[in-house]
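Please read this briefing alongside the sequence and the structure.

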Amino acid sequence: MSEQNYKVLPTGVEQGDFHQAIEKFRALLGDENVLVEEAQLKPYNKIMMPSEDAEHAPSAAVTATTVEQVQGVVKICNEFKIPVWTVSTGRNFGYGSTAPHHRGQIILDLKKMNKILEVDAELGTALVEPGVTYQQLYDYIQENNLPLMLSFSAPSAIAGPLGNTMDRGVGYTPYGEHFLMQCGMELVLANGEVYRTGMGGVEGDKAWQVFKWGYGPTLDGMFTQANYGICTKMGFWLMHKPPVIKPFEIQFDEETDIAEIVEFIRPLRINQVIPNSVVIAGVLWEASTAGVRRSDYTTEPGATPDAILKQIQKDKHLGAWNVYCALYGTPEQVEVNWNIVTGALKQLGKGRIVTEEEAGGTEPFTYRAKLMSGVPNLREFGLYNWRGGGGSMWFAPVSQAKGAECDKQYALAKEILNKHGLDYVGEFIVGWRDMHHVIDVLYDRTNPEETKRADACFNELLDEFEKRGYAVYRVNTRFMDRVADSYGPVKRRLEHTLKKALDPNNILAPGKSGIDLDKFTDW
Amino acid sequence: MSIERRSVLKGMALGGLAGLTLGQAGLASAGQAAEAVTRKPLLVLVSGAEAEAVFAGGALAHPAAGHATVLRTDHGLEFISALQQRLKASSGERIIGLVDDASGTLILDLARSAGARLHWSGQHVTEGGQSRHRLSVTPDTAACGHQFMALSEGCATPSATEDLILAASHQWVPALGFALASPEPGRRYLRATPPTQAAALTGHYVSFSIET
């Protein structure tokens, strides 16, 4: 192919060098796996952040099908100093989607590495490649009639376990803390070597997917939300499907109930009476996923008034807070735990239980029940229809599972969002002792003024939460550097020291979680 | 130029989606068409009856929209899975649409994972009798954008940026369908125009032009 003029280039790379690199990618991967045309790259440039698309435009996208090809891609990137942003299924909606951290990075799309390598029904373990989706795994389990169930994030069907776990995503079952359930990784390092964590380096070992720690330093966590290697295989644990799953909801009528809800839930959760990642969802989250749009109630700009929230609550039979839990086990176990839960609720003196039978197949109960039972669905995408316009950023601060803390976070978040004319569309996901407070900052990207407000709002959320000792656990690519600062200079220096040692050419996903040798100066 | 006129019949089966979606939505689709130019099949995706009538009406008014099928989308797993299979299996199909934000987010990402080309994506809002549009187009479809602007009532000339943000009146949907339906963006067809009398859609929409 003759040399062409590439519209977007990696920083510091000349047209001629880039063309040589592209030719080498073609020789390695085949023409059909090297994308450079604008129409081929545009789908990789779809963002939901308050940035111009051009700031996140890739220079090329390549797809690999084997570990050896990934090694080859890394080698070429090193040779030409080309930064590479890796995606697995690429469904990181609201956290940057598939677009690279910054303009000019090439995308390494691992969607074609989609083999389910092993599922052990007795041990409840799986080993998969990056492109495997939860739907694919679900179908495999169904087709083979395996007594297993999955835990996944809300974009379940189209997302994948490897990508979600590597970004430390969460689900809604007892196995909802996905990184906790991860067991064994294979990574291609920046120098091209293949490293396996845990027991994976032992010749002939069979314990890679059952024993996390191996020998000496355990490094798995270092590769998550990071840019020290490209994960090409990941093992994780699957829950054995119990004879009974009993999903239920508890509705609370007042937004001021949040502190009492958390105090009520915490002992039940810590003691595994309610074993799953419980969700405490606000009214707008639930309304959106039930098909309500803001324009159904008002066309006035700005934050939606509380009177309308109350009206939606009434019209759609929702709580101000909607708590979703499930019990799992034998009929006897479930009965015992059900009695404990209902007894505790009676003692609390507020809250209305809705069982699956009472919900009668209505939304949002049905999709919540599916998420807690390991059945994929896409219902939660309804959030994007609440306000419309394509803007979405997850603001996800962590807190202790204590009522006063959650009350404080909720009040602060709502105040800041409303000040900027945006709505609180949020939920708390209850870990064992923590809360992932997940808020979808929804705004209209067709409106430049609203987009500016959303950007200012997100910055203020980060600033004000940080002043009170809170930080987010995950963020979109626009704010990664800012959030890295929240965690202090020592952590940043250590992370960059590691980066320098493992990836001196800074080719693997520069910018991920604020780690970028070209920008970091605080040595 | 030889002219052929044909109708795309209600419930016409086309690929894996048709049985599912046409059956579910009970969607009527009708088209009229041309002609000698070799055309790729055109699939028109819409969310809801209003968009179906107005956007698809604009698309099907285009003389080159001949082999068109109109499908009503949703963001349910059944539809999305069927669309995913179709995107992966088909080659040389054009898919245009005007759908809600949730469906649009999913469809555009499915296009990426299927390796399809995305020539055009747009976010559109109509409120208070005015509309706003944020467009992202490839150079190949720039003419399509100009046609949309020319045909949309009261459309302001945009500033020249990569992401076009422009304003128009509430009557823009038939023009968009008409412009995206063209297999040769910018080519002029004598006497062909989108319908001028159409219901004004309100709310938020996502548009796209995908090529498998």
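The points below are grouped by topic.

This is a predicted model, in which local features need pLDDT of at least 70, side-chain atom pairs count only at pLDDT 80 or more, and totals for chains, interfaces and linings use all residues. Residues are numbered from 1 along each chain as its sequence is written, while chains are lettered from A and ligands numbered from 1 in the order in which they are written.

**Four-stranded sheet, chain A**
- Four strands of chain A form an open sheet in the order 1-2-4-3, with mixed pairing; strands (E, at least two residues) and helices (H or I, at least four) are DSSP runs numbered from the N terminus, and two strands pair if DSSP finds at least two bridges between them.
- Strand 1 (34–35) and strand 3 (84–87) of chain A each have a single partner strand, so one side of each is left without a neighbour in the sheet.
- Strand 1 and strand 2 (residues 61–63) of chain A are antiparallel and joined over two bridges, with Val34(A) opposite Val62(A).

**Five-stranded sheet, chain A**
- Another open sheet, with antiparallel pairing, has five strands of chain A in the order 5-6-10-8-9.
- Its edges are strand 5 (116–120) and strand 9 (194–196) of chain A.
- Strand 6 (residues 125–128) and strand 10 (residues 229–237) of chain A run antiparallel, joined by four bridges; Thr125(A) stands opposite Trp237(A).

**Strands 1 and 2 of chain B**
- Strand 1 (residues 42–46) and strand 2 of chain B run parallel and share five bridges, and Leu42(B) stands opposite Ala68(B).
- In strand 2 (residues 68–72) of chain B, five of five residues are buried (20 or more other C-beta atoms within 10 Å of the residue's own, C-beta atoms being placed from the backbone; exposed means 12 or fewer, partly exposed in between).
- Ala68(B), Val70(B) and Arg72(B) point one way from this strand, and Thr69(B) and Leu71(B) the other way.

- Leaving aside residues up to four places away in sequence, Val62(A) touches residues including Phe25(A), Val34(A) and Leu108(A); contact means C-beta atoms, placed from the backbone, within 7 Å.

**Contact between the chains**
- Chain A contributes 33 residues and chain B 35 residues.
- On the side of chain A that touches chain B, helix 2 of chain A gives the most, with three residues.

Terms used: Two residues are in contact if their C-beta atoms, placed from the backbone, lie within 7 Å.
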